[in-house]
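Dear colleague,

Please find below the structure I am handing over to you. My notes on its aromatic rings and on a surface patch follow.

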Amino acid sequence: MTSGQVVLVTAAAGGTGQFAVQLAKLAGNKVVATCGGESKAAFLASLGVDRVINYQHEKIKDVLKKEFPKGVDIIYESVGGDMFDLCLNALAVHGRLIVIGMISQYQGEEGWKPKNYTGLCEKILAKSQTVAGFFLVQHAHMWQDHLDKLFELYASGKLKVSLDPKKFLGVASAVDAVEYLHSGKSVGKVVVCIDPAYSQTLAKL
């Protein structure tokens, strides 16, 4: 990621979206973020997002078409389905779309059912675009270096970390935590504390 680009982050008030918007800002880019709800919009504004699109009050497609007519250079996409289609259509010439999830497709009786994205090849060819998947476990060899960099940014006050205040204790609560994610009410990282005693342990530094 270079500077001077337009970066769009979907589901930006979530566990990873909050970091994507901040890293994009630190790199010197204009950041656009989507979310649903006033509390999420306020949270993203506090992180320095240039344009927050609260889809409960305005249409993402209309905002992007009007305010970013040349398209978006980088898109960090985790919603899938209709949102993926919308993002692909909003991608600029030479734009890059990174798929890191598709939470809209994880629910329902049929589970994770693959979708057809009509015209995908034609669209990316016409504008020399790139669509890439990013599955974290396949980048395990990079974890330590990047965690060290993230911690340095956090320790220096350049990176904020937000945890959702709702408590989930014990393995049995993991299901409730996932349902909470699907509810769209969470802001920041949702954490399940497997061992309640662990939170009482002090770090030995």
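Does Phe151 count as buried or exposed? Phe151 counts as exposed, because its relative accessibility is 55% and the threshold for that class is over 50%. Please bear in mind that this is a predicted model.

Phe151 belongs to helix 6 (residues 143-155), as does Tyr154, three residues apart from it, or about one turn of the helix. Tyr154 is partly exposed, with a relative accessible area of 45%.

As to the aromatic pairs, a pair of rings is described by the distance of the centres and the angle of the planes. The count comes to three aromatic pairs. One of them joins Phe151 and Tyr154: the ring centres are 6.2 Å apart and the planes stand at 50°, so this pair is tilted.

Another pair is formed by Phe168 and Tyr180, with centres 5.6 Å apart and planes at 50°, so it is tilted. This pair links distant parts of the chain, since Phe168 lies in strand 7 (residues 168-169) and Tyr180 in helix 7 (residues 174-183), 12 residues apart. Both Phe168 and Tyr180 are buried.

Finally, a nonpolar patch on the surface is formed by Phe134, Phe135, Leu136, Val137, Trp143 and Leu147, which together have about 620 Å² of accessible area.

With kind regards

Key: Residues are numbered from 1 along each chain as its sequence is written. This is a predicted model: local features need pLDDT of at least 70, side-chain atom pairs count only at pLDDT 80 or more; totals for chains, interfaces and linings use all residues. Side-chain values use heavy atoms; hydrogens and water are left out. Rings of Phe, Tyr and Trp (its six-membered ring) pair if their centres lie within 6.5 Å; planes under 30 degrees apart count as stacked, over 60 as edge-to-face and the rest as tilted. Helices (H or I, at least four residues) and strands (E, at least two) are DSSP runs, numbered from the N terminus. Buried means under 20% relative accessible area, exposed over 50%, partly exposed in between (1.4 Å probe, protein chains only). Patches are made of residues with over 30% relative accessible area and no salt bridge: like charges are joined within 9 Å, nonpolar side chains (Val, Leu, Ile, Met, Phe, Trp, Tyr) within 5 Å. Accessible areas come from the Shrake-Rupley method with a 1.4 Å probe; for residues, only the protein chains shown count as cover. A salt bridge is a side-chain nitrogen of Lys or Arg within 4 Å of a carboxyl oxygen of Asp or Glu.
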